[in-house]
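Visitor: I would like to go through this model term by term. Please set each value against its definition.

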Amino acid sequence: MAEISLASVGRIMRRAGAERISKEAIVALAEALEEIGTRISKEAIELAKHAKRKTIKKEDIKLAVKRID
């Protein structure tokens, strides 16, 4: 089960325009978001390490998103 709040994922989907959403769809999106978030986080960690930092900065996340894409 995903660690991301299913209610939050449902709200994201509704803001995107969904009128009706099955619980299975919400769970599937939550799992996908968690997987993508993990990949971005791992890339950002490597970027921070390369810069000899322990702290992940906003710029690391932005660059990681571009590199993952």
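Guide: The chain has 3 helices and 0 strands, in the order α-α-α from the N terminus. Helices here are DSSP runs of H or I with at least four residues, strands are runs of E with at least two, and both are numbered from the N terminus. This is a predicted model, in which local features need pLDDT of at least 70 and side-chain atom pairs count only at pLDDT 80 or more, while totals for chains, interfaces and linings use all residues. Residues are numbered from 1 along each chain as its sequence is written, and side-chain values use heavy atoms, with hydrogens and water left out.

Visitor: How do you know how the radius of gyration of the chain stands against that of a compact globule of 69 residues?

Guide: The chain has 15 Å, whereas a compact globule of 69 residues would have a value near 11 Å. The radius is taken over C-alpha atoms, and the globule rule is 2.2 Å times the number of residues to the power 0.38. Along the principal axes, the C-alpha atoms fill a box of roughly 45 × 25 × 20 Å.

Visitor: Why are H1 and H2 called roughly perpendicular?

Guide: The two helices pack at an angle of about 100°, with their axes 9 Å apart. Axes are lines fitted to C-alpha atoms, for helices over the stretch in contact, and angles run from 0 to 180 degrees between N-to-C directions. Angles of 65 to 115 degrees count as roughly perpendicular, under 35 as roughly parallel, over 145 as roughly antiparallel, and the rest as oblique. H1 and H2 are therefore roughly perpendicular to each other.

Visitor: Which residues of H1 and H2 meet?

Guide: Leu6, Val9, Gly10 and Met13 in H1 meet Lys23, Ala25, Ile26, Val27, Leu29, Ala30 and Leu33 in H2, where contact means heavy atoms within 4.5 Å. By class, this contact has 9 nonpolar, 1 polar and 1 charged residues. Ala, Val, Leu, Ile, Met, Phe, Trp, Tyr, Cys and Pro count as nonpolar, Asp, Glu, Lys and Arg as charged, and the others, Gly among them, as polar.

Visitor: What makes Met13 count as buried or exposed?

Guide: Buried means under 20% relative accessible area, exposed over 50%, and partly exposed in between, with a 1.4 Å probe and protein chains only. Met13 has 16% relative accessibility, so Met13 counts as buried. Its place is in helix H1 (residues 6-15). Not counting residues up to four places away in sequence, Met13 touches Ala18, Ile21, Ala25, Ile26 and Leu29. Of the 69 residues of the chain, 20% count as buried.

Visitor: What makes H2 and H3 parallel, perpendicular or oblique?

Guide: The axes of H2 (residues 23-50) and H3 (residues 58-68) come within 8 Å and cross at roughly 120°. H2 and H3 are therefore oblique to each other. Arg39, Ile40, Glu43, Ala44, Leu47 and Ala48 of H2 make the contact with Asp60, Ile61, Leu63, Ala64, Val65, Arg67 and Ile68 of H3. This contact has 9 nonpolar, no polar and 4 charged residues.
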